[in-house]
Structures are given as C-alpha cells and as structure tokens.
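Here is a short report on one protein model.

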Amino acid sequence: MHLLSLLSLALWLSSVYSAPTLLGLIGPFSTQATTPESASALDALTPLANFAEQAYCSIDQVTSRSCGAPCDATPGVTVLASGGDGDETPQWYVAHDATSQSIIVAHQGTHPTNLLSVLNDLEVLPSPLNHTLFPQTSIAVLVHTGFQLAFERSIDAIDHAVISALQQYSLSSVQVTGHSLGAALGVLNGVHLAQVLPPSISVRTTVFGLPRMGNPAWATMVDATLSGPNPPLIHMSNKLDLFPNIPPQLLGWQHPQGEVYIEPESGDVVACAGEENINCASGNLLPLVIADHAGPYAGVLLGGHGCT
Ligand SMILES: *[C@@H]1O[C@H](CO)[C@@H](O)[C@H](O)[C@H]1NC(C)=O
C-alpha cells in the first residue's frame, strides 16, 4: 500500500515536473545527431494523420465518408469493419485505401486530461506482455497494463478484419495509425501484426503523440520487430508536448526508436536515431505543454476537432 502510494506520488510528481537534466542517470538514451526529414517523407505522413483523426469521428460518418475534412483528404477509402465504444475501449476501424493499396487500421485516442488520468491510475503499473498475442516476446517485456487491457478487448475483431481484407483485395500491405492513447494501441497492434502475419505482409506503423508504454525490454523488442530501411515504425512527437515524456524514464519506461520530431522554435521536422534521443522530445526542458499534443502533425491537427 505504501509502496503503491509512493509510486503514484512519484509518478504524479514526475509527470508534472519531469526532470530532463537527470536523463543521463535514468535510462539508456541516444545522443546521435538528427537528420532533416525530406519533404516527400513528411508528405507521406499526412494521410496517416488524417486516418488517425478519423478514428475520433463518428464511425457512421467515417463509414459513409462524410466526416468532413479528414475524410475529404483521403478519397478512395472503404471502411470494412469497426468497433470499440469510444469509452473503455477506444474506437477503431479497418479500411481499404485504394491510393496506397493497403489496409488501414486506425485507433482512436482520448482527451489529454483523460490520458493523464489513465497514465496516473494504478493500471500504469506494468504487466508482462500477453504471450498469446505476442509469440516472440520474452518474459522480461513489460507494458502499461491499461493500454494492454484496452488492446486485448479489440484485437480479435481487428485481426479477423485485417486478414479477410488482405485476402479480399489481394494485398500485402497493412498500415497502422493512431494518436495519443490510440498511438500506444497502434504500436501494440503493429508489433502484434508483424509477429503473427506471414513475413510477406508488410506492416508499417505511424503514430502521433506516443506516451511511453513499456520497459527497456519492450523497446528492444519493438526495435527488433519493426526494423528495416524505410522505417516500419514512426512515432511523431510535436514540440514541447508533455505526453512523449510520460510516464518518466526515471520509473523504468523507455521509448523504442523511430521518433520523428517537430522542433519547437523552427517547426523543422527531423528524424531521431536511436531510443530516447536527447536532441528530440526526450531532451526537452521544462515547461512541457499539453496544448502541443494536438499537433499539427504533417499539417493535421489531431483530437477530433476536424470531424463534422
Ligand atoms: C491475451 O489476450 C487474449 C485475447 O485478447 C485473451 O483472451 C487472454 O486472456 C490474454 N492472456 C492473458 C494472459 O491475459
């Protein structure tokens, strides 16, 4: 009991006062120089951000392609399946995208104040990764309990929809996306699909505003599962957003590699080599701001404000 309250207190304190100056003491980090993202690489992220935004809209409107700007920005889309309740289980949908010739899986996020409470409640205590859903895990891999529970509630239906969509359209490409809580669900989903689908299927995961979601063994496993040229994992972080910096590294949480960072002053977008690159979000000094959580990411504001 005392330990738990101490831990929540520490978690709360550090989510309010994260201490980047302690970075060197608290976990592995990268100091490699960043590289500018090309205009074409950045353009390629815009449709994924629009798909992430659609996961916040009414599923009826997304299915009928009448959700407003985010739907209009991605023509040629057929929604094939959807689920979740927008509450305990965030909404998700599976769609065919004729433009990219891929199957899209998108997860809804949550309001920042709600995400703060999810990150601060007891379900933040990490638990072992579900071995049935992640056959290539080791027992050392721990992830955020609440994220994993939400994932377990939706993944069977998502798997079913993805597998039948790949067959129906004779495709070999899946793209997973999400923002905020939906970013964490998206990374779980991308790693899961990469572990259970045949290697001939390409799985790309592009998420926005990712909070930390697992321990260093998790980060190592994500790096190993989603690695390669034309990186299969991108987690984009915006300026001084608080959420990429919580829960704190101090308490044993670690981001995988694949960060693409929007710099605070210039708005320049850079790729950040390695895990927890201090030239990117992990190196941010106080104060961190919740308002930056919405982006814009590759030109798209996220959080549901774009839905009609
Ligand atoms: C793993 O996930 C599956 C499917 O979502 C669920 O049925 C099972 O209970 C989970 N296993 C554990 C150990 O929690």
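A disulfide is a pair of cysteine sulfur atoms within 2.5 Å. This is a predicted model, so local features need pLDDT of at least 70, side-chain atom pairs count only at pLDDT 80 or more, and totals for chains, interfaces and linings use all residues. Residues are numbered from 1 along each chain as its sequence is written, and side-chain values use heavy atoms, with hydrogens and water left out.

## Disulfides

The structure holds 3 disulfides. In general, such a link is a covalent bond between the sulfur atoms of two cysteines. The table lists the pairs.

| Pair | S to S distance | Torsion about the S-S bond | Hand |
|---|---|---|---|
| Cys-57 and Cys-307 | 2.1 Å | about -85° | left-handed |
| Cys-67 and Cys-71 | 2.0 Å | 115° | right-handed |
| Cys-272 and Cys-280 | 2.1 Å | -100° | left-handed |

Take Cys-57 and Cys-307. The torsion about their S-S bond is about -85°, so this disulfide is left-handed. Cys-57 lies in the loop between helix H4 (45-54) and helix H5 (59-63), while Cys-307 is in the segment after E11, so the pair ties together parts 250 residues apart in sequence. Helices (H or I, at least four residues) and strands (E, at least two) are DSSP runs, numbered from the N terminus.

Are Cys-57 and Cys-307 buried or exposed? Both are buried. Here buried means under 20% relative accessible area, exposed means over 50%, and partly exposed is in between (1.4 Å probe, protein chains only). Cys-67 counts as buried because its relative accessibility is 0%. Cys-71 is at 4%, so Cys-71 counts as buried too. Cys-272 and Cys-280 are both buried.

Number the bonded cysteines in sequence order. The pairing then reads 1-6, 2-3, 4-5.

## Val-300

Val-300 sits in the segment after strand E11 (269-272). Its relative accessibility is 9%, so Val-300 counts as buried. Which residues does Val-300 contact, leaving aside its neighbours within four places in sequence? They are Thr-46, Ala-49, Asn-50 and Ala-294. Contact means heavy atoms within 4.5 Å. Asn-50 is 250 residues away along the chain, yet the C-alpha atoms of Val-300 and Asn-50 are separated by 6.7 Å.

## The sheet

An open sheet of 9 strands runs in the order E1-E11-E10-E9-E8-E7-E4-E3-E2, with mixed pairing. Strand E1 (35-36) and strand E2 (77-83) stand at the edges, each with a single partner strand, so one side of each has no neighbour in the sheet. Two strands pair if DSSP finds at least two bridges between them.

Now look at strand E4 (residues 102-107). Here 6 of its 6 residues are buried. As a rule, side chains in a regular strand alternate between the two faces of the sheet. Both faces of E4 are covered. Ser-102, Ile-104 and Ala-106 are buried on one side, and Ile-103, Val-105 and His-107 on the other.

E4 also has partners on record in the bridges. Strand E3 (residues 92-97) runs antiparallel to E4, joined by 6 bridges. Trp-92 has His-107 in E4 as its bridge partner. E3 and E4 form a hairpin with 4 residues between them, and Gln-101 in the turn has a positive phi of about 50°. Strand E7 (residues 173-179) runs parallel to E4, joined by 5 bridges. Ile-104 stands opposite Gln-175 in E7.

Elsewhere in the sheet, strand E8 (residues 202-208) and E9 pair in the parallel sense over 4 bridges. Val-207 stands opposite His-235 in E9.

## Helix H10

Which residues of helix H10 (residues 216-225) are buried? They are Trp-218, Ala-219, Met-221, Val-222 and Asp-223. Their cover includes strand E6 (142-144), helix H9 (181-196) and strand E9 (233-238).

## Ligand site

The residues around the ligand are Asn-130, Leu-133, Glu-152 and Asp-156. Each has a heavy atom within 4 Å of the ligand. A side-chain N or O atom of Asn-130 is 2.4 Å from an oxygen atom of the ligand. For Glu-152, a backbone N or O atom lies 3.2 Å from a ligand oxygen atom. Taken alone, the ligand exposes 360 Å², and the protein buries 45% of that. These areas come from the Shrake-Rupley method with a 1.4 Å probe.

Notes
A polar contact is a pair of N or O atoms within 3.5 Å; within protein, one must be able to donate a hydrogen and the other to accept it, and residues adjacent in sequence count only if both atoms are side-chain atoms.
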